[in-house]
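This briefing concerns a protein structure and is arranged by topic. Please examine the sequence and the structure before turning to the notes.

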Amino acid sequence: MAAISLMARGATGRPARSHLDATHPPGDRHAYSYALVLAAARPIGILTQRDMIGLVAAGHDLATVKVIDVMTAPVITLEQAAMTDVLTVWSVIQQHGIRHLPIVDECGLLVGMVTADELLQGGDLLELSVAVQLEGAASKHQSDRYDDTAFQSQQDLSDFVENAIVCLHWVAADGTIIWANQAELDLLGYEREEYIGHSIVEFHTDRAVIDDILDRLLHDRSVRDCEADLRCKDGSIRHVLIDSKASWHNGKFLRTRCFTRDITERKRAEEDLRRFNAALSHAMEGIAFLDAQGHYVWVNQAYADGIGYSPAAMVGMDWQRTVHPDDLHTVELAYGQMLDRGKVEVAARGMRHDGSIFYKQLVMVKADRGQQQTGHYCFMKDITAAKQTEADLIQSEQKFRAIFDSMLQFIGLLTPDGHFIDGNQAVFDAVAIDRAAIIGKPFWETPWWAHSPQLQARVKAAVATAAAGESVQFESEHFWADGTPAVVDFSLKPLFDDSGKVTMLLPEGRDITDRKRKEDILRNIALGVSAKTGEAFFEALVEYLTKALRVEYAFISELLPPTHDRVRTLAGYGHGTTIDRFEYALLNTPCQCTINCHFCVCAERLQQQFPDHALLKEIGAQSYMGVILRNSAGEPLGLICVLSCQDFSETQLMKEILNIFAARAAAEIERQRSEMELQFQKQDLARSNDELQQFAYVASHDLQEPLRMITSYLELLERRYKGQLDAKADTFIAYAVDGASRMQILINDLLNYSRVGRQDRDFEDVDCEQIFERALTNLHVAIATNKAIVSHTPLPRVHGNSSQITQLFQNLIGNAIKFRTQEPPQVEVSAKFTAGNWLFSVRDNGIGIENEYLERIFIIFQRLHGKTEYPGTGIGLAVCRKIIERHGGNLWVESQPDRGSTFYFTLSPSSR
């Protein structure tokens, strides 16, 4: 309290500021922030406001606290003789990280005090030295605080600042760097012209840092230890701390003086330390550091978790709180050995926060600095499980027997020749035999195998095989003590010693009755739902359904239209045989409940619930389960049901299995109905096509005779009376003759088109090379007249009708010649094998076809040009498509106007 009073009174007696600080805004008078403690005029300690704040925060009564108790660190001082310049003082302050530096004479007696704030706020010599460089002034400034003899000349002062190891630079109010010493330039790697005169923004990676510094300086707040990242010339980044102080004149902000300290290596070290601490904190092993008094200084998460505290809660805790009282002496002895040896390992019981006890293995490693011990590291591993295992080994025989007898599988021990040594309780309970009654007997003579001489012989052979060093495994059927049948998966394994000799045989059996039952269910489901479609499908489905559910009867029935109050069975199975189909009414039957409720189950007393149902009494049914069948649209199709002469026990499993069969049955009913409907549609379509084809043939054939008569008489009329009547009569007669002729051509073409569909499918292997030559022979006149060039690549053998394929080639090549441009026609026929068929192409250089007509040209009697431009009736391509369709292929065209066309068609390959 006396020190606080002294600091408060010292405000009025504070030394006056130098003349260089006159530009600083007024109103900064305040009490001293520190008190220097002396002993015989020598500094022994410093008490600061920060110390007092810490005492108050800790709850101490300042009236009872002595200054000597607060001062724990040695006092850093500077001899007056070494105080040659401001930069030297600043370097000492920064090097030791202090804010108050006592100045002493050669005898250690106090002569004055310098603070960091005073250096930043009143750095007259620094201001002077920089001014000398900037202005080149020859004048010498005087200072009332410092002795002017510290520098022999202004040049000495300038050289000292320029070559100081402290990085210095000045920044103008607009952010321009107006001066920097060599240390600053060397730090960032720039030449003087590359740095001075440039904006400070160019060298900072974060503009917000600059804005913050300027804001604080403009509001007359000094900047201390401001972290920033500066960009070097080579692109690297240097981490620095910036201390800055603004210069004012008449209330105007002139510039700021900046000290830059490179902390890049420190930041890297801090990052490495952070990673190292993070690794320790997240290590799987518990790690802690304790001071020399045995208090925890730092613990990682694993260590804290092991004790049951948080890491923060353990700091300051005495190690004895984490050790069981009975083991304190053991750990204390180990601690003493650690001090002598440097490292020791000890096992002890630990105490957790919740009072529980655990076993831990401790490794303690001494930590010292020079000759002084600073504490020790403690590595902790929870060995509770290992201790428990050790305790288990002590009681191994009892626990082995308990586990051995509690196992559900059957395990025994035999001598190498197969005599029974011992077995677990399941061995004896299964067949109700006494342990003592079979000890020493051959294994194959035990009651396990008594019901089957074949099994006894099999087991005897298995023992011989195992005694020879080979394992044996097989399934066997048994009857338990209550008469229940079971299936056991049995194995016999040899046990060897280090020399490879068989010392014991280990028989083991597992009850797989339930597994075999499920396998049987899955197998019957698979066989049932994968049965072939057709008439026998439903018979197979109900058969496998009875086997999967182990019931006596199964039925699949369909609803009868129109009222759906009766059903007809599609299949029935009972007692190993197929049941003939029959119809029955749904009224007052469990099937009626199924149709109404989608699912119905009567697990017991079925006949009592439906006393008037004669069939249930006849077959002795006691239980029923049924599921409705629906199509993909949700409409009811019928039902599937099972009946048993026993009560149901696993209704949920049975329901799931029945639903699987129901889904498959419904799908098959829907498929068969769809197939039947499709068949009817095919038949109707075929009949319609036949009738239409017959009509076309008859019509075109029967019209030949009357049309021939009309044409003959018109031609006779034209020959006899041409020129004897007037001109109009001759024209009318010519029109009639021409129309009759064209009618005859159309009827002939229609007759040829209808014949394509009426011809028999007398397909054979056809050589397309011969077909091509035959088509060219038929087109000889057209080719010669139009000077056409028709070429082809090697053509394959195909399977088809020779005359129709000839007509196909002839029509396509003929069209290519007919629909020509002014250029001579060029036609190329080629073929390639793709996707299992031969793909033919007929390419020409003709007039081409518009895209909108690419499909229209294949329609019968469709023409794109007048009869005067290109002759024909427009039936040729329709005949080509009909030929290709009869051969199971496709025909299409790709074309562009004036660029020719390419017709493609596919044919099946030859069978050779």
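Residues are numbered from 1 along each chain as its sequence is written, and side-chain values use heavy atoms, with hydrogens and water left out.

**Confidence**

- The mean pLDDT (the predictor's confidence in each residue, from 0 to 100) is 79 for the protein, and 80% of its residues reach 70 or more.
- Residues 11–30 have pLDDT below 50, and this stretch has 33 contacts in the model beyond near neighbours in sequence; a contact means heavy atoms within 4.5 Å.
- Residues 128–154 also have pLDDT under 50, with 45 contacts beyond four places in sequence.
- Where pLDDT is low, the predicted coordinates should not be read in detail.

**Overall composition**

- The protein contains 31 helices and 34 strands, which are DSSP runs numbered from the N terminus (helices: H or I, at least four residues; strands: E, at least two).
- Of its 912 residues, 40% are buried; buried means under 20% relative accessible area, exposed over 50%, and partly exposed in between, with a 1.4 Å probe and protein chains only.
- Among contacts with a separation of 6 or more, 52% join residues 24 or more positions apart.
- The accessible surface is about 50,200 Å², and 53% of this belongs to carbon and sulfur atoms; areas come from the Shrake-Rupley method with a 1.4 Å probe, and for residues only the protein chains shown count as cover.

- Leaving aside residues up to four places away in sequence, Phe 772 touches Val 790, Ser 791, His 792, Leu 795, Phe 809, Ile 813 and Val 829.

**Aromatic contacts**

- The whole structure holds 17 aromatic pairs; rings of Phe, Tyr and Trp (its six-membered ring) pair if their centres lie within 6.5 Å, and planes under 30 degrees apart count as stacked, over 60 as edge-to-face and the rest as tilted.
- The ring centres of Phe 474 and Phe 490 are 5.0 Å apart and the planes are at 50°, so this pair is tilted.
- Phe 474 lies in strand E18 (residues 472–479) and Phe 490 in strand E19 (residues 485–496), 16 residues apart, and both are buried.
- Phe 420, Phe 443, Phe 474 and Phe 490 form one aromatic cluster.
- The charged end of Lys 655 sits over the ring of Phe 599, 4.7 Å from its centre; the criterion is NZ of Lys or CZ of Arg within 6 Å of the ring centre and within 35 degrees of the ring normal.

**Loop residue Thr 415**

- Thr 415 is in the loop between strand E16 (410–414) and strand E17 (420–423), and is partly exposed at 22% relative accessibility.
- Thr 415 and Pro 442 are 27 residues apart in sequence and 9.3 Å apart in space, C-alpha to C-alpha.
- Residues up to four places away in sequence not being counted, Thr 415 touches Ile 421 and Leu 505.
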